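Subject: Structure handover

Hello,

Here is the structure for you to take over. Please open it alongside this email, as my notes are meant to be read with the model on screen.

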Amino acid sequence: MATVIIPTPLRKFTNNTPRLEIKAGNVKEVLHDLSLNFPELKKHLLDEKGSIRSFVNIFVGDDDIRNLQQEQTEVKENTVISIVPAIAGGAPPTSPEGGLSSTTKDEILFSKEELARYNRHIIIPGFGIEAQQKLKAAKVLVIGSGGLGSPVLLYLAAAGVGTLGIVDFDVVDDSNLQRQVLFGVDEVGVLKVNAAKKRLQALNPYIEIVVHSTQLTSKNALEILKDYDVIADGTDNFPTRYLVNDASILLDKPNVYASIFQFEGQVSVFNYKNEKGEPGPNYRDLYPTPPPPGLVPSCAEGGVLGVLPGIIGSLQALEVIKVITGVGEPLSGKFFTFDALTFETRTFNIRRNRDNPLNGDNPTITALIDYEQFCGVKAVETPIKEITAKELYDWQVRGEKFQLIDVREPLEYDIVNIGAELVPLATVSGYADNIFRDKKVVVHCKVGGRSAKAIRELEEKFGFDNLYNLKGGILAYIDEVRPELTKY
């Protein structure tokens, strides 16, 4: 019997079974057995023609079947088959000693305080002052300062990477604090790049922090990425992920990739040049095309265990350090997966695809494209209508007719409320028939994050166009209108 490992995103279709024992002679028979026994799983593995979907990789042992005999790859007794779907994650030449070529050692000097700070690095045999000099000379761009970006930025700053760039346009929300360890309650409502810069400068005043408070797009990506040595991809959507990959290829820069979903994480190093100057595989070699819209939920929709980004982000930071210093072997040509539920790790071999449209035998993509159109989804959601606490108070004073809905939890409502109808976020869809369509509706939570999600859900599923989010939530209302009420 062969063992088939089912990844976290697909286990809901196998009755939450992580491993299946299947008797089969080849991969095609394995997929046929899975399709018969788990019909809902079939559409996630096979397209309408019965072919394996391009965003699903299947490994027999440690090797991708695309590098073997594809669906006819033989399956023997005790063979381990791993299904790895996509989840919604010039380069300076290598120096003779490995790592990125950079300023000469004599030009990279450390103060007495820096030598004391990095002492535990410097005394490591095989790392030493030379590797620390490479870190100080390096420029790393971290795209996204959320769940993955938080540990990556913290550890790269602590390690002494000389210049850290941060790309993010979002603000800190209280729902971020479950996993985004860069931020605290005092930063709620603050631009993430500004909050991150303040935290990182407090951690290490000897490095430079460059902020890019903007959405990364096809129009600005090349301009932003060109000044950095290494790109660390901490994005949370497929359009930006393909954009980062393609921009890294066009600029010939290594891209350290990571992705997380629920209980599972992935890490790899793309477009890394070996000692012969040959680039390794990239994201399009692994996943030539994205999954259809809606088939693979985002972390915002499917959730993520708060500690998982810390684990995977730390591994991502490790790979960045290895790429910069040349110490150890980066995960180039390797694809690492981690299952937090079973504490199982696997490392698969991946190769360059001759049909890769960016750097295969016959490239067809020579410039950045429209990635939202390519993926069929938007990288950033459309803004929702908002109302301030003072505007809401004016409505109340004037006696304007509107509906007020609170999407917090009952325990929060019991602590303090402003007379709204209590409809916890998880129950919003079921309450849709009770929400007015002929007058304005104001939705609020503690600081505005959950209410924004509720509004998007109602607009997308039921077509509401009369919903307003209370900016800053009930805390802003207390600060600006009712300071006598209890804050929590």
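Below is what was found, from the overall fold down to single residues.

**Overall**

Please keep in mind that this is a predicted model. The protein chain holds 17 helices and 18 strands. Its radius of gyration is 25 Å, close to the 23 Å from the globule rule for 488 residues, so the chain is as compact as a globular protein of that length. Along the principal axes, the C-alpha atoms fill a box of roughly 75 × 65 × 40 Å. Of the 488 residues, 52% are buried. The accessible surface is about 22,300 Å², and carbon and sulfur atoms account for 51% of that.

**Strands and sheets**

Strand β1 (residues 2-5) pairs with β2 in the antiparallel sense, over 4 bridges. A2 sits opposite I22 of β2.

Five strands make an open, parallel sheet in the order β14-β18-β17-β15-β16. The edges are β14 (386-387) and β16 (421-422); each has a single partner strand, so one side of each has no neighbour in the sheet. Inside the sheet, β17 (residues 440-444) and β18 (residues 467-470) run parallel and are joined by 3 bridges. One detail to look at is V443, whose bridge partner in β18 is N469.

**Helices α5 and α12**

Helix α5 covers residues 128-137, and its buried residues are G128, A131, Q132, Q133, K134 and L135. The cover over them includes α4 (119-122), α6 (149-159) and α12.

Helix α12 runs over residues 308-325 and contains P309. Is P309 buried or exposed? P309 has a relative accessible area of 0%, so it counts as buried. Leaving out residues up to four places away in sequence, P309 touches G147, L148, P151, R179, I260, V304 and S314. P309 and V181 also make a pair to check: 128 residues separate them in sequence, but their C-alpha atoms are 9.6 Å apart.

**Loops**

Two residues other than glycine have positive phi values and deserve a look. D252 has phi near 60°. D252 is in the loop between α9 (238-251) and β10 (255-261), and is partly exposed at 22% relative accessibility. F343 has phi of about 55°. F343 is in the loop between β12 (334-339) and β13 (344-349). At 65% relative accessibility, F343 is exposed.

V190 is in another loop, between β7 (163-167) and α7 (192-203). V190 is partly exposed, at 31% relative accessible area. Together with V171 and L191, V190 forms a nonpolar surface patch with about 180 Å² of accessible area.

**Salt bridges**

How many salt bridges does a search of the whole structure find? The search gives 22. Here are some of them.

- R346 and D62 meet through their side chains at 3.8 Å, N to O. R346 is buried at 16% relative accessibility, whereas D62 is partly exposed at 37%.
- E223 and K226 meet at 3.6 Å, N to O. E223 is exposed at 52%, and K226 is partly exposed at 37%.
- E457 and K461 meet at 3.4 Å, N to O. Both lie in helix α16 (residues 449-462), 4 residues apart, about one turn of the helix. E457 is partly exposed at 22%, and K461 is exposed at 56%.

Best wishes

Technical notes:
Residues numbered from 1 in each chain as written. Predicted model: local features only at pLDDT ≥ 70, side-chain atom pairs only at ≥ 80, totals over all residues. Heavy atoms only, no water. Pairing = 2+ DSSP bridges. Helix = DSSP H or I, 4+ residues; strand = E, 2+ residues; numbered from the N terminus. Patch = residues over 30% accessible without salt bridge, like charges linked within 9 Å, V, L, I, M, F, W, Y side chains within 5 Å. Areas by Shrake-Rupley, 256 points an atom, 1.4 Å probe, with all protein chains shown as cover. Salt bridge = Lys/Arg side-chain N within 4 Å of Asp/Glu carboxyl O. Buried < 20%, exposed > 50% of the residue type's maximum accessible area, 1.4 Å probe, protein only. Rg over C-alpha atoms; globule rule 2.2 N^0.38 Å. Contact = heavy atoms within 4.5 Å.
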